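Thanks for coming. I have one structure to go through today, so please keep the viewer open while I talk.

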Amino acid sequence: MALFCQKSNCALLTSLKSYQMFYPVLHLRRLPTVFGYLICTSSSRSAKPVDPKAIYNGTPKIKYREKEDGIRQSRAGKDYSSPRPFNLFAAGASKRRSVAQDPLTDLKKPIASKKMTLCPPEKPLSVEEWGKMIGEFGGTKKFEELMMEQMIIRCSPIDVAKSLLVAVANREGDIGYGLLVKYLALCVSQREVEEIYEIQDIMKTRFKVLETTAYGLLISGLSSSQHWREALSLLEEIKKVMTPSKRNYGDCIKGALINQDINLACELFYEMVAKDLIPNLDTIQAFFDVGKNVKDDQWKTKLIHVLFYLRDNQVYPGEVLMQSINQWFESLPGENWKGNLTSMKNSGQCPSCNQYLESINLSPEEYNILKEKIIKNVIQGTDTFRKTTPQELEEFQTFVNARPPFDVVIDGLNVARVSYKHNPSQTLLDVVLHLAHQNLRLLVLGRKHMLKRSHHWNPKNIAIMKKKADFFFTENVSEDDPFLLYATLHSGSHCRFVTRDLLRDHKACLPDSLTRRLFFKWQRGHQMVLSEYAPGKRIKFEHVQNYDTVVQTTGSTWHIPYDDSLLERSSYEVPTKWLCLQQK
């Protein structure tokens, strides 16, 4: 009771007391008992302290089954399909865009129930009125959480939610952690700062540590208020047990920027990226929005560093961030920048300023770095996606080293199955003959089952192809990709490879963002993808662009690729729209 008295000025409790006119059962004298129990008691199940080591992420990970346009997943995990015109890497081919994590997202997802017709009342209800509604619902199980979720979705008045809390406290003598977090989410969504601040006091008194949903909501709610430094303290608490999320960092960064603590915002930004967290676009936008009002050379240098971060990590702005960057450049006093929106020619020339973009081809130094890292981390390293043996790889390396460099390396099984309507060996034969007519040295990677006569594999077709290309057949359970990568890289920077596999698993094995960027750049400049095939009539490969899609500058120009808001982009795609900035 003494602890309750110390917190008698709590906004939540004070406002709950004001509801006495609605609650003849819950007498004013009883309120201290009910909510004193809420604050002081830790013996109930809902008030059990949380072990810091057992902290869990309250925002469950969502598993996406990515549907790639024109690509089917085989049992072996390969990407096969019937080819048709498409661009494997250009934005718009697939329809999934990664979105910034919102701490309210999962709390807005209703619990599965047949009774999802709950509609929050428009005004506060008495205990009896809530009891009647619960009875009509069919019992108290999940009712409060379902109702609070609907209040979040429908932006119900805070007073209505408080009346529900009073009814729960009157019946249970306590308010459970989950319901309290949902009430916190409602307050955050409506920027009820003082309410958020008081709920923080209640929760930190009852629990030794909170799970990450509560931490995220508190940080989000406090960072844009006069209590923004409290959000920094919460961030430090999270660091004791786990790495904060990019949303946690982003909210604290925006709080620092709003309050003109630019150095702190930059420290948090560099700390975040050092942990391999990619900032949300709205976090980056906050830097440029503030930058329009700060005329300082040091601040300009820091924002240029942010642009190079976008370049080095292949982060693409959305239209809103792009406009903010453009406005910042045009606001720089005495520099006379002008931005134009454009699309690049196939040659890589910008129609707006006539400058040519950087080549998609790696420099000799970049090529050697990438080759070394792939051999070490993918081919020789512990690659969990690889199914082969050191002996087989060594045999293959001897095979490749004994031959002149190849011009094209073909993933035979992948190419053979681009169309389920046609015979695999005939499809592969057509592609090999098409490339052989261009006087290219070819290597075809296959599996040993292709050598056995079957409906799918005609020995005559294999014999014809062997006259036009070198073949290497792996064991049937082996993974093709390490062989494909080794042969292509060993042959030199001129060598290309043919597959519709996106190679994302192997990219993920690379140790740092720079190497992963080089891999993606090399992939886009060297991967030949069969986009159209009609037996005996038409074979067409996608156009391989010869310019790199990254933020780039010549000093007097900047070119920034950005996401069109009307198109969705998967992680392996690149935008097709550009912001061209010229210094007049």
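Strand 5 is covered on both faces: Leu 442, Val 444 and Gly 446 are buried on one side, and Leu 443, Leu 445 and Arg 447 are buried on the other. Side chains in a regular strand alternate between the two faces of the sheet. The strand runs from residue 442 to residue 447, and six of its six residues are buried, so the rest of the structure largely encloses it. Before I go further, note that this is a predicted model.

What lies beside strand 5 in the sheet? On one flank, strand 4, residues 408–411, is joined to strand 5 by four bridges, and the two run parallel. In that pairing, Asp 411 stands opposite Leu 445. Strand 6, residues 470–474, also pairs with strand 5 in the parallel sense, over five bridges. There, Val 444 stands opposite Phe 471.

Some totals for context. The protein has 23 helices and 13 strands. It has 584 residues, of which 53% count as buried. If you take the contacts between residues at least 6 apart in sequence, 74% of them join residues at least 24 apart.

On to the helices, starting with helix 10, residues 228–239. Its 12 residues reach 17 Å from the first C-alpha to the last, close to the 16 Å expected at 1.5 Å a residue. Which residues of helix 10 are buried? They are Trp 228, Ala 231, Leu 232, Leu 234, Leu 235 and Ile 238. Viewed down the axis of helix 10, these buried residues fall within an arc of 160 degrees, so they line one face of the helix.

Is Tyr 270 buried or partly exposed? It counts as partly exposed, because its relative accessibility is 38%. Leaving aside neighbours within four places in sequence, Tyr 270 is in contact with Lys 302 and His 305. Tyr 270 and Val 306 are 36 residues apart in sequence, and their C-alpha atoms are 9.7 Å apart in space.

Val 306 takes us to helix 14, where the buried residues are Trp 299, Leu 303, Ile 304, Val 306, Leu 307, Tyr 309, Leu 310 and Arg 311. Helix 14 covers residues 297–312, and its 16 residues should span 22 Å at 1.5 Å a residue; the end C-alpha atoms are 23 Å apart, which agrees. At the start of helix 14, a side-chain oxygen of Asp 296 comes to within 2.9 Å of the backbone nitrogen of Gln 298.

After helix 14 comes Gln 314, with a positive phi near 50 degrees. Gln 314 is not a glycine, and it sits in the loop between helix 14 and helix 15 (319–331). With a relative accessible area of 15%, Gln 314 is buried. Another non-glycine residue with a positive phi is Cys 155, at about 55 degrees. Cys 155 is in the loop between helix 5 (143–154) and helix 6 (158–172).

The last stop is Asp 481, in helix 21, residues 481–491. How accessible is Asp 481, and what does its side chain contact? The relative accessible area of Asp 481 is 3%, so the residue is buried. The side chains of Asp 481 and His 506 are joined by a polar contact of 2.9 Å.

That is the tour; I can take questions now.

Technical notes: Residues are numbered from 1 along each chain as its sequence is written. This is a predicted model: local features need pLDDT of at least 70, side-chain atom pairs count only at pLDDT 80 or more; totals for chains, interfaces and linings use all residues. Side-chain values use heavy atoms; hydrogens and water are left out. Buried means under 20% relative accessible area, exposed over 50%, partly exposed in between (1.4 Å probe, protein chains only). Contact means heavy atoms within 4.5 Å. A polar contact is a pair of N or O atoms within 3.5 Å; within protein, one must be able to donate a hydrogen and the other to accept it, and residues adjacent in sequence count only if both atoms are side-chain atoms. The expected span of a helix is 1.5 Å times one less than its number of residues. The arc is that of the directions from the helix axis to the C-beta atoms. Two strands pair if DSSP finds at least two bridges between them.
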